[in-house]
Amino acid sequence: MKDTRLFKRLFAYMKPYLLRYVVAIVFMIIIVGIDVISPLLISASLAELGKEVIDFNKIVMYFIVCLGLTLLMYVIQFLQTMLLHYTGQRIVYKIREDVFAHIQSLSHHQFNEIPVGTLVTRDTSDVNVLFQLYTNVIISVLKNTATIVGVFIAMVLLNAKLAIIVLCILPIILILTIVFRKFLRKVHRQVRTEVSNMNAFLSENISGIKITQIFSQEEKKYNEFKEANTRLRKSTFKEIFTFGIFRPSVYLIYILTVIIIIYVGSNEAIGFSLFGVAIAITYDQLYAFYQYISKFFNPIQMLADQYNTLQSAFAAAEKIFTVLDIEPEIKDSENAIDIELKGNIEFKNVWFYYVEGEWILKDVSFKINVNQCAAFVGATGAGKSTILGLITRNYDIQKGEILIDGINIKDIKISSLRSQIGQMLQDVFLFSGTLASNIRLDEESITDEEVIKACEEVNAMSFINQLDEGINAPVGERGNNLSLGQRQLISFARTLVHKPKIMILDEATANIDTETEKMIQDSLEKVIKNNTMLMVAHRLSTIQHADIIFVFDHGRIIEQGSHQDLLKLKGRYYQLFMLQFQKNELKNITQKALN
Ligand SMILES: Nc1ncnc2c1ncn2[C@@H]1O[C@H](COP(=O)(O)OP(=O)(O)OP(=O)(O)O)[C@@H](O)[C@H]1O
Ligand SMILES: [Mg+2]
């Protein structure tokens, strides 16, 4: 991304708050002004003390003015910090919001390509670096530049020749700072790499700790951790060491400069010659110089620091804008319409792949009418979940058409489409929160009664009633405090409560016991009366009541019809059914034998 474009975009976020930045700059000018003037005031009172007849009133006045200015400076500093932090927070709030909203608009396909961790980093650490930019860096860069200029002018006014001596020392400080930065950047990068290695190690191994324990890998993992930990310790120490060398070196130069000034100044007590140039200085000026030297050197080092922060802020901004620039693959077409779904679904010669050239669906055509229940059967990896995901445009197809109520789904608003289709996916995802919040999602209008009714319909109340807090019982991250079957029941209730026109059930009852499954089916039958339902189940008993069953093989429909039709056909479905039937028979025989 070009720098000018980057600036423009960063500036665009500042624009609504421009007035505040102007106020902050005015504050900054006042602060720098006071900072530069104070040594002059003290120097003036020292000059007064040096006079033969001392005017104490004048000294008291200098003192009061100095105290007043210092107090004023602190107040303004406080106001400025508050103002900048408040504004900075506002800006990064907006950026974080934009990034999150944009991430939400990306398609499943795009999520397969961008690691989740990267997106999390963009919306957290990278945004925080920008916070530094908007609060501290911009104003500090201006402040330090203004201080350097202000202090230099004050020194020239005090004593032009001494000011030039100080200026001569400047290149030494600059060279030292530049060399140090180079070293520091290197060690800093090392530390960052080690920290991120450590984070990656911890997050992977803490998520997988149960596997580590099951396979008794604790010692091995502990040793790996120790290695990563040692590398982190060593690199951090290197960083501290580099700082440890640099800081005293700069301080040394500062002290040397002061000594030179004092030496040359006091040598002639007020009048001397340096390299043949006659210099006259008074003790009070000497004091002011002493103060100015540090006020002159500090901002130079700080500017070098800020240059680095600026660079990392630009790098972070570039990364953030790159995410914002990812064009959502699946979005509403220009004339997309809102529709009230009835529930007719038609696939017309649909071809689809995830990876170019590897067709997953090959010329699939079928029709499901309103209120029908359709089931998809086929081997693992045959493409059943893929078909279901296409209906809600999780992915767009490459060839053919998918029609709902005769309208191509690409012409329907995505929000309209998805809000009327209830999906119970193969991998249930629960958010941390409560059972009720997971069922309701963000639909606040759904009452507790409705939530409970849905739970009753899917027979979830029998386990919920055992929990102290009922439907308000907490749900851990990803629902890890619930059994797989319980998670499926909650997801069932979630789908029911949103009253969708089309229901998609992908292995929705795979982890639920047969008895509960039967109950759910009964209540679904009540619901199906005004729903179209598409389901996938490996357990054929689950789907044998479906109006139409599609048998898939390698991305093609090879058989279709009702359970009875397909059995008569004696094809693939018949084979599958017989296999499962025999298994059940065997189970029954064993059961009988045990009894
Ligand atoms: N995100 C993806 N990227 C690339 N390939 C994918 C993706 N998701 C699924 N596939 C591939 O598409 C094929 C069909 O997968 P799909 O999930 O539709 O199978 P399925 O019939 O639902 O199987 P199962 O019965 O195991 O759920 C598989 O070969 C799988 O490897
Ligand atoms: Mg599947």
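These legends walk through close-up views of a predicted model.

**View 1. A six-stranded open sheet.**
Trace the strands across this sheet and you get the order β8-β11-β12-β5-β13-β14, with mixed pairing. The edges belong to β8 (421–424) and β14 (556–561), and each of these pairs on one side only. Going from one strand to the next, the twist averages 15°. As a quick reminder, strands of a sheet pair through backbone hydrogen bonds, either parallel or antiparallel.

**View 2. Zooming in on β5 and β13.**
Which way do these two strands run relative to each other, parallel or antiparallel? Strand β5 (residues 373–378) and strand β13 (residues 548–553) run parallel, and five bridges join them. Look for Ala374 in this view: the residue standing opposite it in β13 is Ile548.

**View 3. The largest nonpolar core.**
There are 65 residues in this core, and Ala375, Val458, Ala493, Ile504, Met535 and Ile549 are the ones that touch the most other members. Helix α14 (residues 484–497) supplies the largest share of the core, with six residues. Now pick out Ile549 and ask which residues it contacts once its neighbours within four places in sequence are left aside. The list is Ala375, Val377, Ile543, Gln560, Gly561, Ser562, His563, Leu566 and Tyr573. Elsewhere there is a second, separate core of 41 residues, and its members include Leu10, Phe27, Ile34 and Tyr134.

**View 4. The surroundings of ligand 1.**
How many residues surround ligand 1? There are 13, and the closest are Tyr354, Thr380, Lys384, Ser385 and Thr386. Helix α9 (residues 384–391) gives the largest share of this shell, three residues.

**View 5. Lys221 and its setting.**
You'll find Lys221 in helix α7 (residues 218–267). Why does Lys221 count as partly exposed? It has 16 C-beta neighbours inside 10 Å, and a residue would need 20 or more to be buried, or 12 or fewer to be exposed. If you skip its neighbours within four places in sequence, Lys221 is in contact with Asn205 and Thr212. Lys182 is another story: Lys221 and Lys182 are 39 residues apart in sequence, and 35 Å separate them in space, C-alpha to C-alpha.

**View 6. A four-stranded open sheet.**
This sheet has the order β4-β3-β6-β7, and its pairing is antiparallel. At the edges stand β4 (359–368) and β7 (407–408); each has a single partner strand, so one side of each is left without a neighbour in the sheet. Strand β3 (residues 345–353) pairs with strand β6 (residues 399–404) over five bridges, in the antiparallel sense.

**View 7. The hairpin of β6 and β7.**
Here β6 and β7 pair in the antiparallel sense over two bridges. Leu403 has Asn408, in β7, as its bridge partner. What sits between the two strands? The hairpin has two residues there, and Asp405 takes a positive phi near 50°.

Technical notes: Residues numbered from 1 in each chain as written. Chains lettered and ligands numbered in written order. Predicted model: local features only at pLDDT ≥ 70, side-chain atom pairs only at ≥ 80, totals over all residues. Pairing = 2+ DSSP bridges. Axes fitted to C-alpha atoms, helices over the stretch in contact; angles between N-to-C directions. Core = buried A, V, L, I, M, F, W, Y, C linked by C-beta atoms within 7 Å. Contact = placed C-beta atoms within 7 Å. Near = placed C-beta within 6 Å.
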